[in-house]
Amino acid sequence: MKALYCVYLASSSPRRRDLLRQIGVNFDVLAFRSGERGQDADVDETPLPDESSEKYVERIALSKAHAGMRRLLWRKLPRRPVLAADTVIDLDGCIIGKPVDVDEARDILRRIEGRSHRVLTAVALSNGRRTQSRLSVSDVEFRPLTEADIRRYIATNEPMDKAGAYGIQGRAAAFIARICGSYSGIMGLPLFETACLLDNFGYRYESAEP
């Protein structure tokens, strides 16, 4: 069995970096060009007509993995597998990503407060010859929020780079009454599915640097 000592993470998310370190995966960050809404300019994240949230999030994760592989070839970087992920929330069949501004963050929080929504995170791994993905789906229930709750939370700036305008690992934990699913998936990188992909590719990991 071939040993994998390092992968490329095609994401600038500090949460995904922390989660990979948690399970002992060594990695280098493979940065993309910055685009609007915090998206990767290399990947078109526009939903397709009648595309389900499941198909959408897996398509984007796979596209990011493929784009990452192209980028490392363009840069003539050492060949290593590229790991990518994408997270959205699904509210009544509507795909919700990161808010573009404070007004949209406020609107999203008003829509999800006092009820349940789904958090979908797809993770994809490509070694240039083959690419696979896995999907994590979790249910999250928010308690009712007051306008003061929403205003104070937005003032922290925490909602602005997160799908659904909240981070479960941050101050929004006080808003969450119940989850059913993967905590790491809600954070943005489902560790069970990530480990399964690495295993499927025949790789193992070393202890990551602190």
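Which side chain meets Asp-90 in a salt bridge? In this predicted model, the partner is Arg-118, at 3.1 Å, N to O. Asp-90 sits in strand E3 and Arg-118 in strand E5, so this pair ties together parts 28 residues apart in sequence. Buried or exposed, then? Buried means under 20% relative accessible area. Asp-90 has 9% relative accessibility, so Asp-90 counts as buried. Arg-118 has 24%, so Arg-118 counts as partly exposed.

Let's stay with charges. The whole structure holds 14 salt bridges. Here is another one from strand E3. The side chain of Asp-86 meets that of Lys-64, at 3.0 Å, N to O. Lys-64 belongs to helix H2, residues 53–74, and Asp-86 to E3, so the pair ties together parts 22 residues apart in sequence. Both partners are buried.

Next, a pair in loops. Arg-115 and Asp-92 form a salt bridge through their side chains, at 2.7 Å, N to O. Arg-115 is in the loop between H3 and E5, and Asp-92 is in the loop between E3 and E4. They are 23 residues apart, and the pair links distant parts of the chain. Arg-115 counts as partly exposed, at 32% relative accessibility. Asp-92 counts as exposed, at 62%.

There is also a network of salt bridges. Its members are Arg-15, Asp-161 and Lys-162.

Now helix H3, residues 102–112. At its start, a side-chain oxygen of Asp-101 comes to within 3.3 Å of the backbone nitrogen of Asp-103. Just after the helix, Gly-114 has a positive phi of about 75 degrees.

Which residues of H3 are buried? Ala-105, Ile-108, Leu-109 and Ile-112. Why do they share a side of H3? They cover an arc of only 95 degrees around the axis, which puts them on the same side. In general, an α-helix has 3.6 residues a turn, so residues three or four places apart point the same way. What covers the buried residues of H3 includes strands E3, E4, E5 and E6, plus helix H4.

The largest nonpolar core has 38 residues. Leu-109 and Ile-112 are among those that touch the most other members, and so are Leu-20, Val-140, Phe-142, Tyr-166 and Leu-189.

Take Tyr-166. Leaving aside neighbours within four places in sequence, its contacts include Ile-112, Val-140 and Phe-142. They also include His-117, Tyr-153 and Pro-159. A second, separate core has 18 residues, including Tyr-56, Val-57, Ala-67 and Val-82.

Methods:
Residues numbered from 1 in each chain as written. Predicted model: local features only at pLDDT ≥ 70, side-chain atom pairs only at ≥ 80, totals over all residues. Heavy atoms only, no water. Buried < 20%, exposed > 50% of the residue type's maximum accessible area, 1.4 Å probe, protein only. Helix = DSSP H or I, 4+ residues; strand = E, 2+ residues; numbered from the N terminus. Arc of directions from axis to C-beta. Contact = heavy atoms within 4.5 Å. Polar contact = N/O pair within 3.5 Å; in protein donor to acceptor, adjacent residues only side chain to side chain. Core = buried A, V, L, I, M, F, W, Y, C linked by side-chain atoms within 4.5 Å. Salt bridge = Lys/Arg side-chain N within 4 Å of Asp/Glu carboxyl O.
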